[in-house]
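The notes below follow the order in which I looked things up.

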Amino acid sequence: GPPDPPGKPIAVEVSTTGCLLRYEAPRNDGGSPIMCYIIEGQYDGFFSRWEDKGTSYTTEHTVSDMIEGYTAIFRVIARNKYGASKPSKESNEVTFEDPHPSK
């Protein structure tokens with residue numbers, strides 16, 4: 001059957017317009033190898049719907065085209081030949097800002 005949800009995504013290397021998300025593979029692949037991961041994002045209080053932020057074939061994904069100064073959360077869905085998992089737990093809030101602001 002479909003796989004279990006992947007692990008909660010963690011944002012690393014946050015910039016003004018994106019971040020690198022890392023997450024763990026599902027504990028149970030449903031008896032079929034994971035074909036891909038679907039990444040979804042949602043702006044805090046701006047859009048109330050989940051938006052497609054790309055597909056990955058590994059346990060990390062670079063999200064781009066985010067809006068500077070806004071905060072978002074992310075979730076990940078695993079897919080195998082039987083279908084899609086339930087979404088992962090939501091990431092912590094990520095605010096897109098310059099990681100090295102000038103003094």
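I began at one end of the pairing and found Thr-71 opposite Thr-95 in β8. The model is predicted, and I read every entry here with that in mind.

I then looked up the pairing around this position. Strand β8, residues 94-95, pairs with β6 in the antiparallel sense, over two bridges.

Next I turned to β3. I counted eight bridges between β3 and β6, and the two strands run antiparallel. Within this part of the record I noted Tyr-37, which stands opposite Ala-78 in β6.

Strand β7 covers residues 83-84 and runs antiparallel to β6, with two bridges joining them. Here Arg-79 stands opposite Ala-84 in β7.

**Burial and core**

How many of the 10 residues of β6 are buried? I found nine, so that β6 is mostly covered.

I then examined the largest nonpolar core, which has 14 residues. Among those with the most contacts inside this core I listed Cys-19, Ile-39, Val-63, Met-66, Phe-74 and Phe-96. Which strands each supply at least two residues of this core? I recorded β2 (19-22), β3 (36-43) and β6 (71-80). Of the contributors, β6 gives the most, with four residues.

Methods
Residues numbered from 1 in each chain as written. Predicted model: local features only at pLDDT ≥ 70, side-chain atom pairs only at ≥ 80, totals over all residues. Heavy atoms only, no water. Core = buried A, V, L, I, M, F, W, Y, C linked by side-chain atoms within 4.5 Å. Buried < 20%, exposed > 50% of the residue type's maximum accessible area, 1.4 Å probe, protein only. Pairing = 2+ DSSP bridges.
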